[in-house]
Amino acid sequence: MATLSVEHYEGHQIRCVEMDDQSVWYVAADVCRCLGIAINTRTGKPNVTVATRQINDQAKKKYRIETPENPKNPWIDMMIVSPN
């Protein structure tokens, strides 16, 4: 099973998923916030679909992350991207 951790980059938190094969993937929304790309000016949230549109399908995928702070919806699917 994959392991979720948090890295810090220039004052931003980026959630990382270490897969069983030891590869590390990053939550795309966190990367967008950190780099300031594809941010919706009205909501302030990143548009991950737009940000990852030109990334090869082998370098991105959806991953289900547990969100225990929300008991009504304890899981959320997030786009993760490979640094390679």
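The model is predicted, and local features need pLDDT of at least 70, side-chain atom pairs count only at pLDDT 80 or more, while totals for chains, interfaces and linings use all residues. Residues are numbered from 1 along each chain as its sequence is written, and side-chain values use heavy atoms, with hydrogens and water left out.

Lys60 belongs to strand E4 (residues 60-66); strands (E, at least two residues) and helices (H or I, at least four) are DSSP runs numbered from the N terminus. Lys60 is buried but has no salt bridge, and Asp57, the nearest side chain of opposite charge, is 4.1 Å away. Here buried means under 20% relative accessible area, with exposed over 50% and partly exposed in between (1.4 Å probe, protein chains only). A salt bridge requires a side-chain nitrogen of Lys or Arg within 4 Å of a carboxyl oxygen of Asp or Glu; Lys and Arg count as positive, Asp and Glu as negative, and His and the chain ends are not counted. Leaving aside residues up to four places away in sequence, Lys60 touches Trp25, Thr52, Arg53, Ile55, Met79, Ile80 and Val81, where contact means heavy atoms within 4.5 Å.

Turning to the sheet, five strands form an open, antiparallel arrangement in the order E1-E2-E3-E5-E4, with pairing taken as at least two DSSP bridges between two strands. E1 and E4 are the edge strands, each pairing on one side only. On average, neighbouring strands are turned by 45 degrees against each other, direction ignored. Helix H1 packs on this sheet through contacts with E1, E2, E3 and E5, and its direction makes about 150 degrees with that of E2 (axes are lines fitted to C-alpha atoms, for helices over the stretch in contact, with angles from 0 to 180 degrees between N-to-C directions).

Within the sheet, E3 and E5 are joined by two antiparallel bridges, and Val27 has Ile80 of E5 as its bridge partner. E2 and E3 run antiparallel with three bridges, Cys16 being partnered by Tyr26 of E3. Five residues separate E2 and E3 in their hairpin, where Gln22 takes a positive phi near 75 degrees.

In H1 (residues 28-35), the buried residues include Ala28, Ala29 and Cys32. Their cover includes helix H2 (48-51) and strand E5 (75-81). Gly36, with a positive phi near 70 degrees, follows H1.
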